[in-house]
Amino acid sequence: MSIQTVATQPIAGQKPGTSGLRKTTPEFQKHHFLENFIQSIWNGIGGVQGKTLVLGGDGRHFNTEASQVVLRMAAASGAAKVIVGQNALLSTPAASNLIRKRKADGGIILSASHNPGGPEGDFGVKYNTANGGPAPENVTAKIYAATQQISEYLIYETQDIDLSAIGESTLGGMTIEVVDPVADYAELMEQIFDFEALKAMFAGGFRLRFDAMHAVTGPYAKAILEDRLGAAPGSVINGVPSTDFGKGHPDPNPIWAKPLVDEMMGPDAPDFGAASDGDGDRNMIVGRGIYVTPSDSLAALAANATLVPGYAGGLKGVARSMPTSKAVDRVAESLGIECFETPTGWKFFGNLLDAGRATLCGEESAGTGSDHVREKDGLWAVLFWLNILAKRQISVADLMADHWKTYGRNYYSRHDYEGVDAEAANALMDNLRARLADLPGTSVAGLTVTAADDFAYDDPIDGSRSAKQGIRISFDGGARVVLRLSGTGTVGATLRVYLETVETEALDMDAQAALSKVIAAAEELAQIKARTGRNEPDVIT
Ligand code: G16
């Protein structure tokens with residue numbers, strides 16, 4: 001067993017995106033690719049000498065091999081300890097919790113989140129800092145700079161380390177502690193939610209369907225929902241993680257979790273349906289006969305938060321990503337608390353959570369979370385909803401109807417154009433950007449533009465500025481179109497068009513119908529069909 005110093009050179013395309021570095025699995029498996037990036041993380045954060053790290057992943061193809069590389073490279077660079085989930089598994093929120101609870105210096109999460117897995121799927125590596133959250137832009141910038149300067153990496157040459165048994169071992173001078181991936185997380189959930197009320201609700205016959213989508217939350221959901229809370233056996237479906245997510249797309253939305261949504265719209269639907277994604281940080285909420293948009297879910301959680309023991313004292317503030325609907329803004333207004341608008345990317349919530357300015361955060365991309373960890377948290381959101389339903393003794397549909405009556409309804413949809421030619425997508429954005437100053441006051445598809453800009457965020461805590469975070473165009477009466485290019489895709493460009501309109505009277509419309517004018521305005525403004533060569537979006541959520 002010896003430390004090897006391996007000569008290498010920079011590899012293009014290692015710039016972390018919205019959430020770490022995501023590439024196709026074959027690209028990650030190319031010679032030196034993973035090693036270069038891991039060494040660049042070490043170099044970018046000032047080394048790992050004497051540090052404690054957390055390591056885990058969502059179990060996708062290459063998770064096992066990559067975790068061995070990370071361990072051998074951490075040991076070779078002098079890390080003191082790595083706490084790793086059994087079989088190298090940890091959901092993203094569980095990893096965030098472990099970093100915080102064990103006061104680790106940071107962590108490596110192996111995941112491409114909701115992107116498909118498998119030999120032809122995607123893989124990803126994310127570095128989280130000591131607060132448990134995704135590395136902020138000043139850290140990822142250093143990591144990226146390191147990828148451009150790398151000339152060698154250090155790695156132990158050794159046999160694979162057994163990660164199947166809980167306990168401690170050593171690699172060189174480094175301790176490897178293999179932990180139960182579920183235990184600490186389940187304990188945290190028990191501290192936040194009223195488990196007794198939930199047990200009583202399930203004992204009373206409440207029926208749940210949780211689709212783990214063959215991904216990492218299966219064991220967490222079974223342990224918490226079925227074993228501890230008493231949901232009927234079989235309530236958790238697709239609960240055994242597989243390396244290719246059962247050849248599915250582990251993205252909890254009405255497109256990729258269609259069987260669950262169909263069941264929830266059917267005659268014998270359970271009381272509550274939910275799904276989570278590849279690494280367990282996203283969630284989808286469905287009631288009997290009703291799909292709840294992530295933006296509405298955030299607003300409903302905020303409005304009912306004091307029913308949950310962990311938030312009984314009230315919320316300090318809320319935050320949403322810019323493209324997320326403004327439904328939560330009105331809840332914040334009525335509660336008299338601050339509401340922050342941040343760029344897309346959970347990393348932008350970190351400072352607000354650390355500073356105690358926000359308690360709940362959420363994104364249109366099926367992410368909801370709070371200051372209990374520094375990641376969004378799928379199962380937490382499910383438990384939050386269940387806790388509210390248990391306390392209010394109300395159905396999801398009635399709760400939302402009541403919510404809209406009180407606050408009005410933000411009809412919302414996202415249209416995605418995937419795998420678009422990158423040049424064409426950038427040209428579309430550039431063209432629109434160049435016309436922004438002239439748009440206010442003009443009429444588009446019968447709507448009057450009231451404001452148009454390219455969103456720039458000034459972090460109120462550290463003063464950093466993040467520019468070019470998406471084009472937002474507001475119309476008379478509260479409607480809005482946002483356009484941005486995704487930072488998580490791996491093929492070409494993904495154009496996201498976010499559409500929103502507010503209604504205070506007509507609360508029961510089909511979302512696409514309610515948004516028809518806004519959809520027409522987006523097309524007229526951005527000439528999406530002509531510029532992308534697509535007649536319709538690939539995915540509508
Ligand atoms: C990641 C980020 C989220 C972001 C989402 C979509 O989620 O953590 O903050 O909203 O990607 O980003 P984009 O629109 O750039 O594709 P996840 O669940 O993939 O880690």
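Let's start at the ligand. A polar side-chain atom of Arg22 lies 2.9 Å from one of the ligand's oxygen atoms. Keep in mind that this is a predicted model.

In the side chain of Arg484, an N or O atom is 2.6 Å from an oxygen atom of the ligand. For Arg496, the distance from a side-chain N or O atom to a ligand oxygen is 2.6 Å. How much of the ligand does the protein bury? On its own, the ligand exposes 470 Å², and the protein buries 99% of that.

Now the surroundings. The ligand sits in the second largest pocket. There are 20 residues around the ligand. Those that come nearest are Glu363, Arg484, Ser486, Thr488 and Arg496. What is the shell made of, by class? Two residues are nonpolar, 10 are polar and eight are charged.

Let's move on to single residues. I'll take Gln14 to begin with. Gln14 lies in a loop, with strand S1 (2-7) on one side and strand S2 (21-24) on the other. Is Gln14 buried or exposed? Gln14 is buried, because its relative accessibility is 0% and the cut-off for buried is under 20%. One of its polar atoms lies 3.1 Å from the backbone oxygen of Phe33.

Next, His32. Look for it in the loop between helix H1 (25-28) and H2. His32 is not a glycine, yet its phi is positive, at about 70 degrees. His32 has 17% relative accessibility, so it counts as buried.

Helix H2 itself covers residues 33-44, and Asn43 lies in it. Asn43 and Ala145 are 102 residues apart along the chain, while their C-alpha atoms are separated by 9.4 Å.

On to helix H3, residues 63-76. Ala66 is found there. Ala66 is buried because its relative accessible area is 0%. How far apart are Ala66 and Leu34, in sequence and in space? They are 32 residues apart in sequence, and 7.6 Å apart from C-alpha to C-alpha.

Take Lys326 first. Its loop runs between strand S15 (317-321) and helix H11 (327-335). Lys326 is at 32% relative accessibility, so it counts as partly exposed. Which residue goes with it in space? Tyr412 is 86 residues away from Lys326 in sequence, and the two C-alpha atoms are 9.7 Å apart.

The other lysine is Lys468. Its place is in the loop between strand S23 (465-466) and strand S24 (471-475). Lys468 has a positive phi of about 50 degrees, and it is not a glycine either. Buried or exposed? Lys468 is exposed, because its relative accessible area is 57% and exposed means over 50%.

Arg484 and Arg496 are among the residues that come nearest. When you open the model, look at those two side chains, and then at Arg22, with its polar atom 2.9 Å from a ligand oxygen.

Technical notes
Residues are numbered from 1 along each chain as its sequence is written. This is a predicted model: local features need pLDDT of at least 70, side-chain atom pairs count only at pLDDT 80 or more; totals for chains, interfaces and linings use all residues. Side-chain values use heavy atoms; hydrogens and water are left out. A residue is near a molecule or strand if one of its heavy atoms lies within 4 Å of it. A polar contact is a pair of N or O atoms within 3.5 Å; within protein, one must be able to donate a hydrogen and the other to accept it, and residues adjacent in sequence count only if both atoms are side-chain atoms. Accessible areas come from the Shrake-Rupley method with a 1.4 Å probe; for residues, only the protein chains shown count as cover. On a 1 Å grid over the protein atoms alone, a cavity is a set of points where a 1.4 Å probe fits but cannot get out, and a pocket is an open set with protein on both sides within 12 Å along at least five of seven lines; lining residues have an atom within 4 Å of a point. A molecule sits in a cavity or pocket if more than half of its atoms lie within 2 Å of its grid points. Ala, Val, Leu, Ile, Met, Phe, Trp, Tyr, Cys and Pro count as nonpolar, Asp, Glu, Lys and Arg as charged, and the others, Gly among them, as polar. Helices (H or I, at least four residues) and strands (E, at least two) are DSSP runs, numbered from the N terminus. Buried means under 20% relative accessible area, exposed over 50%, partly exposed in between (1.4 Å probe, protein chains only).
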